[in-house]
Amino acid sequence: MNWLIHYNYWIVIVLMMIGLYLVIARANLVRKVIGLNIFQTSVFILFISIGASRGASAPILAEGIQSYANPLPHVLILTAIVVGVATTALALALIVRIHEEYGSIDDSSIHDQDDEP
Amino acid sequence: MTAEHLPILQVAVPLALAPVCLLIGNRHLVWLLATAGGLFTFVCAAFLMVSVFNQGPLTYYLGGWEAPWGIALAIDLLSAFILLLVGLVATLTLIWGKASIENEIPGEQLSLFYCMFMLAVTGALGIVATGDAFNVFVFLEISSLSSYAMIAMGRDRRALTSSFQYLVMGTIGATFILIAIGLLYMMTGTLNMADLAARLPAVRETTTVLAAFAFLTVGVSLKIALLPLHQWLPNAYTYAPSVVSAFLSATSTKVSLYLLIRFFYTVFGADFVFRDHGLQYILMPLSLIAIFAASGIAIFQKDIKRMLAYSSIAQIGYMTLGIALVSQSGLAATIITMFNHGLIKGALFLAIGGIFLRTGTSQLAKLGGIGRTMPWTMGAVVIGGCGLIGVPLTAGFVAKWYLIVAALEGAAWVVASAIVLTSLLTVVYVWRTVEILYFKTPGDSVRDIDEVPMSMLIPTWLMVAMVIWLGIDTTLTVGLAEQAAAMLFDVTP
Amino acid sequence: MMTGTLILTSMALPAVGGCLVALAGRWPNIREAITLVTATSLFLVILGLPGASGVFTIAEPAPGFSLAFHIEPLGYVFACLASFLWIVTSIYAIGYMRAHNEPNQTRFYAWFAVAIGSVMGIAFAANMLTLFVFYEALTLATWPLVTHSQTDQARRSGQLYLGILIGTSMVLLLLSIALVWQITGSVDFKAGGVFTEPVSDTILTIVYALFIFGVGKAALMPFHGWLPAAMVAPTPVSALLHAVAVVKAGVFTILKGTVYLFGLDNLSDSGAAEMLLPVAALTIILGSVIAMRQDNLKARLAYSTVSQLSYIVVGALVANTLGVIAASLHMVMHAFGKITLFFCAGGIMVASHKTEISTMGGLGRQMPITMAAFTIGAIAIIGLPPMGVIWSKWYLIAGSIEGQYWWLIGVFAISTLLNIAYLLPIPLQGLMSSPAADDHPGWHEAPIPCLIAMGITATGCVALFFFAPAIAQYLSSGLAPTGSGDQP
């Protein structure tokens, strides 16, 4: 059962695939954004989990603790989360505008409308 | 005193100006402020260029924190060169853009627009200036998010869907880059590019590094719009406001390409990328297909902006082709093409933007005969088109000449022949446009229009003049590109 | 330095003249005066140049990659030819364009001047890159002239024109230049060529073939289609550009490349030039045969040009000094002959609105001067004494014999017969057969300026018979050190 040791990676990979699948396969724009979010979240988990170390404590200096988790990936991912939130906000704003213009948030119906002159 | 802080100032000033733009309601003042910001970055870039040229690469530690704790900005010849391009194009498009922006963007959104523009400039400059891998991701997202927003401000409603499409693809690309950075950090424990380069050779055989390399290449290729990852580009350039098309076409793909070169040569090392993993065998066919297919598609476009967008994809093919030749001269050719094509495409989009301002359309069929009513703009289109074809005495010829010579040097006869053959396709789509603009009897939409104002003509012709100047005096482009390429090859471990 | 300035003036003068013409567009008389003054002063500048000079570098963007000019006999003769005929053509154009009520005359004169400036650049280029630059500039500058009438037919011809000329030069010629650069590290014109290190015959043959076919302006088959297409342009354009400046720029490029880039010795030793002789010979014969089948006068003259140009190409391909002298002489002789013919064709078109040969019966009685000039031009092209062409043909045959290409003499003989068959019937028919019933009786000549121009060039055809030895002497002075080496 060697491959289960790195179960965190398996979770990341499964989430990543679910996210990408949603982005590609769903016609509904909101669902695409949800897929994008899941995809990004999987990467956040990847970063957070690589900072962990077995038996390590939170990176706060204290007596008697020898091993700390690496805080840097966590800090990085805070930034990435902010970026992700901004992206989601922008995407949702775009969807609102698209709905105003086309009266639909379905990819295929939007395409049909644009093909007519 | 200030001089040593130039690397950060040229990124920080536009960043600081962005929120200030939001606060200013007056459309003249906000334009003036943004233009001053653009000009400032250009002047900074020029000073940096001189300094790097005379004293060698610069490293600047933010807040005085040395790497690996602090974030470093690293400027070498290549980055200074691209900074110069970004600063120049930003300044000229902003000077040019006042009338065009006010025509295409609703009044209440003007401040927002300039804010986004400043952020896009910040992002582009930051990507190039930074020496920290994670910082690359942050700046990339700053420039991308602002670009999505600006593209969505286009008048046509399709701008919205184009922007959304770009957002989805761009985010996937950026996230791929993030994954790669994470994996690299796992293996080396550092984010500083110079440290990465030093520590990677020890772990170069691992699957993790290979995975990081793959994610990075695909992610950056998405941003470069390398075929077959180019679908977002034509729509985005076509429906974006004119000034955005001009700025993005001249800078955004070049900056991403810079990133690719930086990671390939400085971080991974050419040996790893090309000798061990043979990326050129994928890159070369993709580039050639990009050149042929995109030029072919460009011929059938009904919209000038879309035609130019496909032409950009083809030109990107030339640039990646130079990288795929895996030689110093090939890399130099790529760098020359990046700079020269940035100017040529910028000039063309400015000219087309002028036509759009007067006629409200970029559909070829509606623009027949516009050469008679807007002769100066038309002249810019013709010279820009000659630049794309690579007619001698334009910057395009210099780029193409060096690419051909680089290909011949590598004994890649087929590639050299392919490069010259594609000129034919370029001739067809450029001259088809010139012919329509010049020949057709003017229709209603173009009969009673005036030439664009001087404020637009002068920046357009400045760029056109540079296209010609760089075709005659190539000390700047060729000299710098060759030195930059030599430098990148030297640092290869 | 003086010479360098003069060379630059020769290029700048037409360009400035073109701009002035564009500015003076509203006053036709001033505009035409500017054209004439510019043309005359250009010719004087050219005459003021010395017969040979060192290299003047204008800009050197990268090592070995420069914009540079020099004077040598080949280029000097070409520059004299083009600038002199520009004066004559300008006189002709004034008569023609006004009588024909052509629209957009300002544009016409302006681009015409720019085209001549490019020709000067080609004539004085000191390296292949400079030559290439002006070669492309000439193509682009003549496009507005070819498409002058802006009809659909003009547009299609313009496409063919650009397609073939830009296509061949951007694909084949550029590749050939890049290969030369790659192999030798230089594209400078120098005596004996740049191939100082031995290269394999195969490579030299490939590069040279790319070069010869890449010069689309020389109209070597199968890249000749642009020339008949370009006849849609107004007649002065056909006369100067498509009988003299553009096509001669093509063969001049071939000559210059053959002598100063590849080197005659290299080419004859490796057999690279020999391989292409059949193509040139075929173009001579086929061009004449197709010319015979054309009823449109300008089209017939165009195919005749295709055929005659290959004489010059043959002169280059036999790869010896005599051949090169023959080629350069023929460049001059054919120019005078063909421009006379085109002037007449344009005169006929203006005066009697006839373009088809079959309708020109009895025209000699209405337009005796034009027909007389035409006859002189025709005899000149055919190559009978006392016309200059006899000299170039003589040298050509001598060069073929020296190169031991006996079969070429057969080609020349057949071609001369074909020339007689497609050129002489036109004046004969003009004199012999009676005019069509609806034609005006009596004199109905071309405009006076046109007649003056015809007179000058027709006289030139005859005068050159006497000057030819002097020109040949001058040419061989420049070629002596580069030739086969057997001259004292």
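This is a predicted model: local features need pLDDT of at least 70, side-chain atom pairs count only at pLDDT 80 or more; totals for chains, interfaces and linings use all residues.
Colleague: Start with chain A. How many helices and strands does chain A have?
Modeller: Chain A has 4 helices and 0 strands. Along the sequence, the pattern reads α-α-α-α.

Colleague: Is chain A spread out or compact?
Modeller: Spread out, relative to a compact globule.

Colleague: What does the C-alpha trace of chain A span?
Modeller: About 70 × 35 × 15 Å along the principal axes.

Colleague: And what percentage of chain A counts as buried?
Modeller: 25% of its 117 residues.

Colleague: What about contacts in chain A between residues at least 6 apart in sequence?
Modeller: 41% of those contacts in chain A join residues at least 24 apart.

Colleague: Switch to chain C. What is in there?
Modeller: Chain C holds 19 helices and 2 strands.

Colleague: How does the radius of gyration of chain C sit with a compact globule?
Modeller: It agrees. The C-alpha atoms of chain C fill a box of roughly 70 × 50 × 40 Å along the principal axes.

Colleague: Now the interfaces. How many residues of chain C are in contact with chain B?
Modeller: 21 residues of chain C are in contact with 22 residues of chain B.

Colleague: Which elements of chain C supply at least two residues each to that side?
Modeller: β1 (56-62), α5 (128-146) and α6 (152-184) of chain C. The largest share comes from α6(C), with 12 residues.

Colleague: What classes of residue are on that side of chain C?
Modeller: The side of chain C that touches chain B has 16 nonpolar, 3 polar and 2 charged residues.

Colleague: And where does chain B touch chain A?
Modeller: 22 residues of chain B are in contact with 25 residues of chain A. On the chain B side, α5 (133-152) and α6 (158-188) each supply at least two residues. α6(B) gives the largest share, 14 residues.

Colleague: How does that side of chain B divide by class?
Modeller: Into 14 nonpolar, 5 polar and 3 charged residues on the side that touches chain A.

Colleague: Let's go inside chain B. How do α2(B) and α3(B) cross?
Modeller: α2 of chain B is residues 27-55, and α3 of chain B is residues 77-104. Their axes come within 8 Å and cross at roughly 160°. An angle over 145 degrees counts as roughly antiparallel, so α2(B) and α3(B) are roughly antiparallel to each other. The crossing is left-handed.

Colleague: And the residues in that contact?
Modeller: The contact of α2(B) with α3(B) divides into 18 nonpolar, 5 polar and 3 charged residues.

Colleague: I'm looking at G38(B). Which helix does G38(B) lie in?
Modeller: Helix α2 of chain B.

Colleague: Is G38(B) buried or exposed?
Modeller: Buried. G38(B) has 27 other C-beta atoms within 10 Å, and 20 or more count as buried.

Colleague: What does G38(B) touch?
Modeller: Leaving out residues up to four places away in sequence, G38(B) touches A90(B), T91(B), L94(B) and V121(B). The C-alpha atoms of G38(B) and V86(B) are separated by 9.1 Å. G38(B) and V86(B) are 48 residues apart along the chain.

Colleague: One more pair. At what angle do α16(B) and α20(B) pack?
Modeller: About 30°, with axes 10 Å apart. Here α16 is residues 375-389 of chain B, and α20 is residues 454-472 of chain B. That makes α16(B) roughly parallel to α20(B). The crossing of this pair is left-handed.

Colleague: Which residues meet there?
Modeller: From α16(B), W376(B), A380(B), I383(B), G384(B) and G387(B). From α20(B), L457(B), T460(B), W461(B), V464(B), V467(B) and I468(B). By class, the contact of α16(B) with α20(B) has 8 nonpolar, 3 polar and no charged residues.

Technical notes: Residues are numbered from 1 along each chain as its sequence is written. Chains are lettered from A and ligands numbered from 1 in the order in which they are written. Axes are lines fitted to C-alpha atoms, for helices over the stretch in contact, and angles run from 0 to 180 degrees between N-to-C directions. Angles under 35 degrees count as roughly parallel, over 145 as roughly antiparallel, 65 to 115 as roughly perpendicular and the rest as oblique. A crossing is left-handed if the near helix is turned anticlockwise from the far one by less than a right angle, and right-handed if clockwise. Ala, Val, Leu, Ile, Met, Phe, Trp, Tyr, Cys and Pro count as nonpolar, Asp, Glu, Lys and Arg as charged, and the others, Gly among them, as polar. Two residues are in contact if their C-beta atoms, placed from the backbone, lie within 7 Å. The radius of gyration is taken over C-alpha atoms; the globule rule is 2.2 Å times the number of residues to the power 0.38. A residue is buried if 20 or more other C-beta atoms lie within 10 Å of its own, exposed if 12 or fewer, and partly exposed in between; C-beta atoms are placed from the backbone.
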